[in-house]
Amino acid sequence: MDFLSLGKIISDEKESLEFLRSRYNKRIHCPFCKSRQIYIMGSRRQFRCRKCKKDFKPFAHSRFQLVKIPYSKWLALVKLFELSVSALVASEQTRTSYKTTLKAFGIIRLSILEELAKTDDVLRGEIEADEAYFGGRRKGNRGRGARNKTIVFGILERNGKVSVDIVKNVSAKTLLASTVKKVKRGSIVYTDKWRGYDSLMFSGYRHMSVDHQKRFANGRVYINGIEGFWSFAKERMMKYHGISPDKFLLYIKEMEWRYNNRGYNLFDLLIHYMLGVEYT
Ligand SMILES: [Zn+2]
């Protein structure tokens with residue numbers, strides 16, 4: 001959905017509801033008499049049953065109910081979120097209070113997290129694993145110096161998906177446990193030379209490590225894929241100044257989702273998440 005097409009829809013509340021109905025791939029029926037003959041009362045943001053004439057709330061169990069704003073505003077906010085606009089700018093552009101916009105964006109992020117939790121993809125084949133440090137000012141060493149930073153462990157399947165998780169430390173035990181959760185045994189795992197990865201080869205993986213000093217040494221031994229993801233995530237997260245640690249997971253998982261769905265229609269995906277229906 002491009003901006004101009006969306007502009008037409010959100011200039012009118014009834015059009016907005018009609019649009020959502022077109023994306024709602026479950027059957028809508030009257031909660032009172034079960035009739036499927038429904039029409040939209042645009043002015044009242046409600047559905048009306050043609051048969052028993054009663055009004056009822058559309059998408060009563062959807063995430064849209066969590067913030068009481070017109071559907072047209074919701075659609076605008078979802079679009080701005082898709083475009084990675086900050087909550088502050090989005091609130092100005094939609095004339096919605098900052099507090100409400102923040103809440104709406106929080107709900108969208110949570111919906112992404114919940115949708116990701118539904119799929120339990122296991123990565124396999126050629127895998128790149130690496131950790132990255134977010135937040136804090138000083139560039140510290142691994143282990144020591146990483147205080148006040150959030151450590152993210154990332155795994156990327158070449159030509160496939162990336163998966164990230166927050167870890168407490170980068171010990172061999174932690175990294176192995178996170179790998180076992182996500183990567184099929186027998187896969188080749190490429191990492192850098194950090195000793196925390198050494199135990200992979202005793203745990204059912206073929207482990208190859210990259211020597212950054214000898215950058216172009218050997219053909220397939222590199223971790224450029226996961227490093228590309230770190231740049232992708234860091235560039236976007238720079239815009240969100242001071243993400244509080246308790247919200248960090250929401251943001252980094254959003255990055256995972258954006259990366260894995262690049263090339264897809266993110267707006268439509270989000271609309272389906274918000275409606276609580278399958279994407280078809
Ligand atoms: Zn009815």
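Strand β4, residues 126-134, pairs with strand β7, residues 188-191, in the parallel sense over three bridges. Strands here are DSSP runs of E with at least two residues, helices are runs of H or I with at least four, and both are numbered from the N terminus. Two strands count as paired if DSSP finds at least two bridges between them. Within this pair, Ile127 has Val189 of β7 as its bridge partner. β7 also pairs with β8, residues 206-209, again in the parallel sense, over four bridges. There, Thr191 is bridged to Ser209 in β8.

A word on the source. This is a predicted model, in which local features need pLDDT of at least 70, side-chain atom pairs count only at pLDDT 80 or more, and totals for chains, interfaces and linings use all residues. Residues are numbered from 1 along each chain as its sequence is written.

Now the antiparallel part. Three strands form an open sheet in the order β1-β2-β3, with antiparallel pairing. β1 (38-41) and β3 (55-56) each have a single partner strand and stand at the edges, so one side of each has no neighbour in the sheet. β1 is joined to β2, residues 46-49, by four bridges, and Ile38 stands opposite Cys49 in β2.

On to helix α9, residues 266-275. Its buried residues are Leu266, Leu270, Ile271, Tyr273, Met274 and Leu275. Buried means 20 or more other C-beta atoms within 10 Å of the residue's own, exposed means 12 or fewer, and partly exposed lies in between, with C-beta atoms placed from the backbone. The buried residues of α9 pack against α2 (13-23), α3 (71-82) and α5 (98-118).

How do the axes of α5 and α9 cross? They come within 10 Å and cross at roughly 85°. That makes α5 roughly perpendicular to α9, a term for angles of 65 to 115 degrees. The contact involves Ile108, Ser111, Ile112 and Glu115 of α5, and Leu270, Tyr273 and Met274 of α9; contact means C-beta atoms, placed from the backbone, within 7 Å. Just after α9, Gly276 has a positive phi of about 75°.

Last, the loops. Most residues other than glycine have a negative phi. Phe59, in the loop between β3 and α3, has a positive phi near 50°. Phe59 counts as buried because it has 20 C-beta neighbours inside 10 Å. Asn159, in the loop between β5 (150-157) and β6 (162-167), has a positive phi near 60°. With 8 C-beta neighbours inside 10 Å, Asn159 counts as exposed.

Definitions and conventions
Two residues are in contact if their C-beta atoms, placed from the backbone, lie within 7 Å. Axes are lines fitted to C-alpha atoms, for helices over the stretch in contact, and angles run from 0 to 180 degrees between N-to-C directions. Angles under 35 degrees count as roughly parallel, over 145 as roughly antiparallel, 65 to 115 as roughly perpendicular and the rest as oblique.
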